[in-house]
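Biologist: I want to know what stands behind each label in this model. Show me the chain, then let me question the terms.

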Amino acid sequence: LLLAQGAGRKRLINTRHRNTSRAVRIAILLNDHELDEKIKLVIEIKHALIAAGHTLITLPKSLTTLRFDPKLVAQLVRKTEADAWIILAGSRGVLEWFASQPVPAFAVFGNRVGIKIPSVSPNKPPVISEATRHLISLGHRRIVLLARRAVRLPQPTAGLAAYLDTLREHGLQPSEFNLPDWEETNAGFHECLRSLFKATPPTALIVDEVTYFVATMQFLLLHGLRVPADVSLISTDDDVALSHCDPPVACIRWDMSPIIRRIVNWAANASIGKQDFTQTLTPAEFVPGGTLARCRTYS
């Protein structure tokens, strides 16, 4: 206790340290697929956690090299001296496994619908619905959303479910055409595109992940398909890789700052043993761009 005097009166100031938080060792389990386009976010997350006094553990493997196999993930967790885990874009099976464990774990993005695990992601479902409605208002009926299996299976993420529901609401019964399956290799992705454009080609594509969006633009260019005259395009993320496109790309835009703050807050709670199962959704918006046009071909 420190006795302090000021302004003609005495005040009793308690200097006892009341903050029982401590630095924790945090392992960040990355998804190589997502890391390619979200490297800036990952770097900022690491900087923020280190600035908060936590120690980050470098892992020898990623979700990708572990094949998103919960058993292999469990082996890695047992071998790693970490107090808490952050999982970037985890599959449903991996997130279900972490949710069943006593170690604190936090999901950044990922297929986590219905799983009791703290998490954060942009609130994309209503925005994906808005983007789909916008395409329909332009006359598009043959709309395809391209996304990896991890967000489609064993059940779609909330964003994909919103997309399918929006199609139904407008009398368009979803089929495998609207949400196709494909082998997650370069050859598999391009084979999927070739198959889509063989008979009744889509007039609009919503592409998940910027790396696949760029590959899609290249495919269309090589096959003489014009954007947006022949095909309208929407990216589910904004990215610096698209910043110099002219016309601007139609996309879903979100700010990474509230995502980083949520992660740091969760780490602070984990450091004092406070249970935190809050699933946070941060703002997102649909930004129409020059890659959209009225459909010239009606199905």
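Modeller: Start with α2 and helix α10 (residues 257-271). Their axes come within 10 Å and cross at roughly 40°. This is a predicted model: local features need pLDDT of at least 70, side-chain atom pairs count only at 80 or more, and totals for chains, interfaces and linings use all residues. Residues are numbered from 1 along each chain as its sequence is written, and side-chain values use heavy atoms, with hydrogens and water left out.

Biologist: Which residues make the contact of α2 with α10?

Modeller: Leu 41, Glu 44, Ile 45, Ala 48 and Leu 49 come from α2; Ile 259, Ile 260, Ile 263, Val 264 and Ala 267 come from α10. Contact means heavy atoms within 4.5 Å. By class, nine are nonpolar, none is polar and one is charged. Ala, Val, Leu, Ile, Met, Phe, Trp, Tyr, Cys and Pro count as nonpolar; Asp, Glu, Lys and Arg as charged; the others, Gly among them, as polar.

Biologist: Why are α3 and α4 called oblique?

Modeller: Helix α3 (residues 70-79) packs on helix α4 (residues 92-99) at about 45°, with the axes 9 Å apart. Under 35 degrees is roughly parallel, over 145 roughly antiparallel, 65 to 115 roughly perpendicular, and the rest oblique. The pair is therefore oblique. Its crossing is right-handed. Pro 70, Val 73, Ala 74 and Val 77 of α3 meet Gly 93, Val 94, Trp 97 and Phe 98 of α4. Seven of these residues are nonpolar, one is polar and none is charged.

Biologist: What makes one space a cavity and another a pocket?

Modeller: The grid is 1 Å, over the protein atoms alone. In a cavity a 1.4 Å probe fits but cannot get out; a pocket is an open set with protein on both sides within 12 Å along at least five of seven lines. Lining residues have an atom within 4 Å of a point. Points join across faces, edges and corners, and the volume is the space filled by probe spheres set on them.

Biologist: How many cavities pass, and what lines the largest?

Modeller: One cavity reaches 30 Å³ or more. Ile 28, Leu 30, Val 42, Ile 45, Ile 86, Leu 88 and Val 108 line the largest cavity. The class count there is seven nonpolar, no polar and no charged.

Biologist: How much space lies in the largest pocket, and which residues are closest to its centre?

Modeller: About 630 Å³. Phe 109, Gly 110, Arg 112, Ser 121 and Thr 157 are the closest of its 33 lining residues. The lining has 14 nonpolar, ten polar and nine charged residues.

Biologist: Where are the cis peptide bonds?

Modeller: One joins Leu 153 and Pro 154, with omega about 0°. Pro 154 sits in the loop between α6 and α7. Another joins Asp 246 and Pro 247, with omega about 10°.

Technical notes: Axes are lines fitted to C-alpha atoms, for helices over the stretch in contact, and angles run from 0 to 180 degrees between N-to-C directions. Helices (H or I, at least four residues) and strands (E, at least two) are DSSP runs, numbered from the N terminus. A crossing is left-handed if the near helix is turned anticlockwise from the far one by less than a right angle, and right-handed if clockwise.
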